[in-house]
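Colleague: I'm new to this one. Could you walk me through how to read it?

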Amino acid sequence: MLPTLNLTGDIVLSEHFSHRIGRVRPGDLVLLRLPVDPAKIAVKRIVAMEGHAVTFFDSNASDLLQTLVVPKGHVWIQGDNLYASRDSQHFGPVPYGLIQGRAFLRVWPLSSFGSLEQ
């Protein structure tokens, strides 16, 4: 999630209610269980919701740019560092059920204290 979050020491507050009532939206940072390894939790940004069209770079396809519509009950997530992030570009749309919470405030380090909202 560089440059938004640093892996070595950033602490964020998260709430665990919004995603349960459908109150997450594009731009939100969410904590989610990775579909490829449900034992791990990652922080990623929601880029698109169900029904939205997404165009992304696909290095595995003959046509490098792919477009798809996010299916019902899923979100499209990406890390802020697009070139070094394991996200929906690699494992596809993520079911709502894997979202564990929504990050809303960085509390440490103090020099970058502030909201994560865009």
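**Charged pairs and cores**

Modeller: Arg102 and Glu15 are both buried, where buried means under 20% relative accessible area, exposed over 50% and partly exposed in between (1.4 Å probe, protein chains only). This is a predicted model, where local features need pLDDT of at least 70, side-chain atom pairs count only at pLDDT 80 or more, and totals for chains, interfaces and linings use all residues. Residues are numbered from 1 along each chain as its sequence is written, and side-chain values use heavy atoms, leaving out hydrogens and water.

Colleague: What do the side chains of Arg102 and Glu15 meet in?

Modeller: Side chains of opposite charge can pair when their charged atoms come close. Here Arg102 and Glu15 form a salt bridge at 2.9 Å, N to O (a side-chain nitrogen of Lys or Arg within 4 Å of a carboxyl oxygen of Asp or Glu). The pair links distant parts of the chain, 87 residues apart: Arg102 sits in strand E8 (residues 99–108) and Glu15 in strand E1 (residues 11–15). Strands (E, at least two residues) are DSSP runs, numbered from the N terminus.

Colleague: How many salt bridges does the count come to?

Modeller: Five. Another one joins Asp28 and Arg25 at 3.9 Å, N to O. Asp28 counts as buried because its relative accessibility is 3%, whereas Arg25, at 47%, is partly exposed.

Colleague: Which residues have the most contacts inside the largest nonpolar core?

Modeller: Nonpolar side chains tend to be buried together in soluble globular proteins. This core has 13 residues, and Val30, Ile46, Val75, Ile77 and Val94 have the most contacts inside it. A nonpolar core is a set of buried Ala, Val, Leu, Ile, Met, Phe, Trp, Tyr and Cys residues joined through side-chain atoms within 4.5 Å.

Key
Helix = DSSP H or I, 4+ residues; strand = E, 2+ residues; numbered from the N terminus.
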